[in-house]
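Morning, everyone. I'll take helix packing, then the spaces between the helices. Please have the model open.

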Amino acid sequence: MNLSSFFIYCFIVAFSPGPSNIVILSSVQNSGMKKTLRYIAGASIAFFLLIAASVVLGQLLSTGMPIILPILRIVGCLFMLYLTYQVYTMDVSRSGTNQTASFTSGFLMQFLNPKVVLFTLTVIPSYVMPYYTAGPVISAFVVAVSLIGLSAYMTWAVCGSLFQGIMQKYRRTTNTILALFLLYSAIVVSGIPELIKG
């Protein structure tokens, strides 16, 4: 097993901009770090559960993925469009509650994001299980990948906290930009670009 390529792959997927990371950045700006930690907790638990499921259901999931993926794409796209609307229309006066910063929202985002689902359900079976069969070793890799995901979420939250003053000063512009990134993610998740390419 090539450990360096495994960890590089995990870090690139976890730290690259995606729906969860964008929502975390937006939530820190609008609700602060404390409320955003709820979203991170939900996202991290779901991330761990998906990775654990890949170990338990390895072969079954890989054969069923072609059937599940189109459904995930549609539901995930709709959920991301909902979050796009939530981020774009956040109350600039801070009188409203940020629904995107909830534990449930973080938890559901992971299960409805095909990028995360495909990554978590294939990373251990593809990189680890062909080389290791011992339960403790596989469990260590599950924990390592989960911690990489958690560290990525916390990094995005800390960056959001560090730049919170600038982001709040230009809140409408920031919300618009973050909503556009989420909209782009929803379009990519939907599979429309692939259909256009033919």
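Start with the crossing of H2 and H3, which is right-handed. Keep in mind that this is a predicted model. H3 covers residues 33–56, and H2 runs 19–31. The two helices pack at an angle of about 155°, with their axes 8 Å apart. Angles over 145 degrees count as roughly antiparallel, so H2 is roughly antiparallel to H3.

Who makes the contact? From H2, it is Ser-20, Val-23, Ile-24, Ser-27, Val-28 and Ser-31. From H3, it is Met-33, Lys-35, Thr-36, Tyr-39 and Ile-40. By class, this contact of H2 with H3 has six nonpolar residues, four polar and one charged.

Next pair: H6 and H7. H6 is residues 114–128, and H7 is residues 135–162. Their axes come within 11 Å and cross at roughly 140°. That makes H6 oblique to H7. The handedness here is right-handed, with H6 passing H7. On the H6 side, the contact uses Phe-119, Val-123, Ile-124 and Val-128. On the H7 side, look for Ile-138, Phe-141, Val-142 and Val-145. How many polar and charged residues does the contact of H6 with H7 have? No polar and no charged ones; it has eight nonpolar residues.

H7 also meets H1, which spans 3–15. The axes of H1 and H7 come within 9 Å and cross at roughly 35°. H1 passes H7 in a right-handed crossing. H1 brings Leu-3, Phe-6, Phe-7, Cys-10, Phe-11, Ala-14 and Phe-15. H7 answers with a list that includes Phe-141, Ala-144, Val-145, Ile-148 and Trp-156. Also on the H7 side are Gly-149, Ser-151, Ala-152 and Thr-155. The class count for H1 with H7 is 13 nonpolar, three polar and no charged residues. Note Phe-141 and Val-145 of H7: they touch H6, and they touch H1 as well.

How many cavities of 30 Å³ or more does the structure hold? One. About 140 Å³ of space lies in the largest cavity. Its lining has 14 residues, and Val-13, Ala-14, Lys-115, Val-116 and Tyr-153 lie nearest the centre. H1, H2, H6 and H7 each supply at least two residues of that lining. The cavity lining divides into seven nonpolar, six polar and one charged.

Last, the open space. The largest pocket has a volume of about 380 Å³. It is lined by 21 residues. Nearest its centre are Pro-17, Pro-19, Lys-115, Ser-185 and Val-188. Which elements give two or more residues to the pocket lining? They are H2, H4 (58–88), H6, H9 (171–190) and H10 (192–197). H9 gives the most, with six residues. By class, the pocket lining has 14 nonpolar, four polar and three charged residues.

One residue links the two spaces on my list.

Notes:
Residues are numbered from 1 along each chain as its sequence is written. This is a predicted model: local features need pLDDT of at least 70, side-chain atom pairs count only at pLDDT 80 or more; totals for chains, interfaces and linings use all residues. Side-chain values use heavy atoms; hydrogens and water are left out. Axes are lines fitted to C-alpha atoms, for helices over the stretch in contact, and angles run from 0 to 180 degrees between N-to-C directions. Helices (H or I, at least four residues) and strands (E, at least two) are DSSP runs, numbered from the N terminus. Angles under 35 degrees count as roughly parallel, over 145 as roughly antiparallel, 65 to 115 as roughly perpendicular and the rest as oblique. A crossing is left-handed if the near helix is turned anticlockwise from the far one by less than a right angle, and right-handed if clockwise. Contact means heavy atoms within 4.5 Å. Ala, Val, Leu, Ile, Met, Phe, Trp, Tyr, Cys and Pro count as nonpolar, Asp, Glu, Lys and Arg as charged, and the others, Gly among them, as polar. On a 1 Å grid over the protein atoms alone, a cavity is a set of points where a 1.4 Å probe fits but cannot get out, and a pocket is an open set with protein on both sides within 12 Å along at least five of seven lines; lining residues have an atom within 4 Å of a point. Grid points are joined across faces, edges and corners, and a volume is the space filled by probe spheres set on the points.
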